[in-house]
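Biologist: I would like to learn how to read a model like this one, feature by feature. Where do we begin?

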Amino acid sequence: PLTPLSRPLTAEDAAHFLRRTAFGATDEQIRALVGQKAQDVARAALAFDQSVAPGNPFDPMQGATPGAALQLGRGAWLYELAYGPHPLREKLALTWSNHFVIATDKVRNVPAVVDYLNLLRRHAATRSFERFTLEVAQSPAMLRYLDNDQNRKGKPNENFSRELLELFTTGIGHYTENDVREGARALTGWSYQGGRGNKQYLEQPRFVNQPQQHDDGKKTYLGQSGALKGEDIVRIATSQPATATFVSRKLHRAFLADTPDDAAVQGSADTWTRTKGDVMAVLTELLASEAFYASRSRIIRSPVEFLVGGIRTLGQPKIDARSLLNLAGTAGRMGQVLLEPDTVKGWDGGREWINDTTLLLRMQVAAALTMGSKAPNLDSPPSLLALTGQERPAGAVLLSSLKGRQRTYLSLISPEFQLA
């Protein structure tokens with residue numbers, strides 16, 4: 001297990017915690033955590049429910065076409081990320097959307113996508129990774145995206161069976177092609193009804209198990225044999241030792257570093273194994289650990305994290321619906337279309353977020369948030385601690401001499417803000 005942080009939180013500790021778990025925070029929110037125990041702060045942040053921000057202006061069910069509806073869905077999620085009461089839940093949902101990947105351009109059904117996002121929220125800090133994976137596997141969005149709805153007795157489709165192992169549980173190197181084939185046989189018969197085709201994009205699909213399409217013969221999967229079913233495949237894959245390490249590494253990439261420390265990852269994997277895939281237990285330990293608080297400026301913020309971090313650090317100023325939709329589109333131009341990663345393996349992240357074009361777009365977003373005609377009032381601008389995570393960052397003397405808007409703009413485009 002990971003060693004817990006023993007000191008009470010300093011101001012820089014509190015700012016660090018909120019930059020990593022809430023995208024950013026105001027000075028008042030930072031001050032509220034100073035002097036508290038790391039374990040208490042982590043538990044409080046993870047004690048979220050399923051409540052959402054009131055007054056969300058976007059309803060994807062009002063979309064006149066599939067494309068318009070899915071665009072409204074992205075706007076709705078960006079609104080929740082920026083203004084919702086549970087930023088850590090949304091950060092985790094964003095992380096899981098890059099693990100259990102679907103893409104809206106293929107799914108193209110609004111209720112399926114909404115249900116999938118709510119599933120990620122519900123299991124954001126799940127007590128059972130096996131249960132989480134099973135519900136993902138049976139969701140119409142995943143059944144459609146990885147073609148398991150086409151997986152039938154005598155005509156198996158191996159797409160979901162392969163990605164279950166390669167991307168969702170053990171990772172490459174811990175299974176054979178025969179495991180993929182046998183897993184696909186066991187998963188035959190899982191499909192969905194309703195919501196197919198462009199005209200039915202607002203119709204609610206539902207999971208169906210079709211026994212007549214299921215191959216009920218004997219299979220051998222990851223060393224276990226029998227008349228295995230889909231539920232057995234999920235149970236066996238999620239309980240592999242390699243799964244504990246593979247998914248723990250994903251959590252470390254989300255919260256500790258773009259290039260995680262192997263020893264720290266192993267500490268979380270040990271906790272995962274001991275608790276049988278209790279992600280809540282892994283996160284409670286991780287977010288209160290010495291390793292977490294020692295890891296500063298080691299994550300390049302993704303486009304969405306950059307946008308949402310700016311809004312939350314500025315105190316969540318009201319941004320009109322059209323501008324929010326434009327920001328969701330800008331995140332896409334910076335390489336991160338919500339619920340549509342580039343490939344089934346998700347966004348690579350890290351250095352891949354940064355190039356000449358995306359840096360220029362980040363500067364334009366920072367300018368719009370601070371200097372533009374619709375920019376919020378910055379008479380009482382965020383402190384350098386809120387903006388950079390440091391009370392005396394490298395450029396403190398220069399920045400302190402500038403007026404609120406200029407100082408905030410330069411802070412938002414600084415490496416200290418771009419790195420969490």
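Modeller: Begin with the secondary structure: the chain has 23 helices and four strands. Keep in mind that this is a predicted model.

Biologist: How does the radius of gyration of the chain compare with what the globule rule gives for 420 residues?

Modeller: The radius of gyration is 22 Å, close to the 22 Å from the globule rule, so the chain is as compact as a globular protein of that length. Along the principal axes, the C-alpha atoms fill a box of roughly 75 × 50 × 35 Å.

Biologist: What share of the residues of the chain count as buried?

Modeller: A residue is called buried when its relative accessible area is under 20%. Of the 420 residues here, 56% count as buried. The accessible surface of the chain is about 17500 Å², and carbon and sulfur atoms own 51% of that surface.

Biologist: How much of the contact count comes from residues 24 or more positions apart?

Modeller: Taking the contacts with a separation of 6 or more, 74% are between residues 24 or more positions apart.

Biologist: And the charges: how far apart are the mean positions of the positive and negative ones?

Modeller: There are 49 positive and 43 negative charges, and their mean positions are 3 Å apart.

Biologist: Next, a helix. Which residues of helix 1 are buried?

Modeller: A general point comes before the case. An α-helix has 3.6 residues a turn, so residues three or four places apart point the same way. In helix 1 (residues 11-21), ten of the eleven residues are buried, so this helix is largely enclosed by the rest of the structure. The buried residues are Ala-11, Asp-13, Ala-14, Ala-15, His-16, Phe-17, Leu-18, Arg-19, Arg-20 and Thr-21.

Biologist: Where do Gln-316 and Leu-339 sit, and are they buried or exposed?

Modeller: Gln-316 is in the loop between helix 17 (303-313) and helix 18 (321-333), and with a relative accessible area of 27% it is partly exposed. Leu-339 is in the loop between helix 18 and helix 19 (356-370); at 7% relative accessibility, Leu-339 counts as buried.

Biologist: How many aromatic pairs does the structure hold?

Modeller: The structure holds 15 aromatic pairs. Take Phe-100 and Phe-132: their ring centres are 5.0 Å apart and their planes stand at 70 degrees, so this pair is edge-to-face. The cut-off behind that step is an angle over 60 degrees between the planes. Phe-100 lies in the loop between helix 5 (87-97) and helix 6 (104-107), while Phe-132 belongs to helix 8 (residues 129-137), so the pair ties together parts 32 residues apart in sequence.

Biologist: Are Phe-100 and Phe-132 buried or exposed?

Modeller: Phe-100 has 0% relative accessibility and counts as buried. Phe-132 is buried too, with a relative accessible area of 0%. Both residues belong to one aromatic cluster, formed by Trp-96, Phe-100, Phe-129, Phe-132, Phe-160, Phe-168 and Trp-272.

Biologist: Which residues does Thr-243 touch?

Modeller: Leaving out residues up to four places away in sequence, Thr-243 touches Phe-129, Thr-169, Thr-170, Ala-237, Thr-238, Ser-248 and Trp-272. Thr-243 is part of helix 13 (residues 241-255) and, at 0% relative accessibility, counts as buried. Two of its contacts, Phe-129 and Trp-272, are members of the aromatic cluster.

Biologist: Last, the loop between strand 2 and strand 3. What does Gln-210 contact?

Modeller: Gln-210 is in that loop and counts as partly exposed, at 23% relative accessibility. Beyond its neighbours within four places in sequence, Gln-210 is in contact with Gly-189 and Ser-191. From Gln-210 to Gly-35, 175 residues apart in sequence, the C-alpha distance is 57 Å.

Biologist: Is Gln-212 buried or exposed?

Modeller: Gln-212 lies in the loop between strand 2 (206-209) and strand 3 (219-221). With a relative accessible area of 58%, Gln-212 is exposed. Its C-alpha atom is 23 Å from that of Val-136, 76 residues away along the chain.

Notes
Residues numbered from 1 in each chain as written. Predicted model: local features only at pLDDT ≥ 70, side-chain atom pairs only at ≥ 80, totals over all residues. Heavy atoms only, no water. Helix = DSSP H or I, 4+ residues; strand = E, 2+ residues; numbered from the N terminus. Rg over C-alpha atoms; globule rule 2.2 N^0.38 Å. Buried < 20%, exposed > 50% of the residue type's maximum accessible area, 1.4 Å probe, protein only. Contact = heavy atoms within 4.5 Å. Areas by Shrake-Rupley, 256 points an atom, 1.4 Å probe, with all protein chains shown as cover. Lys, Arg positive; Asp, Glu negative; His and termini not counted. Charge placed at Lys NZ, Arg CZ, Asp CG, Glu CD. Phe/Tyr/Trp six-rings, centres within 6.5 Å; stacked < 30°, edge-to-face > 60°.
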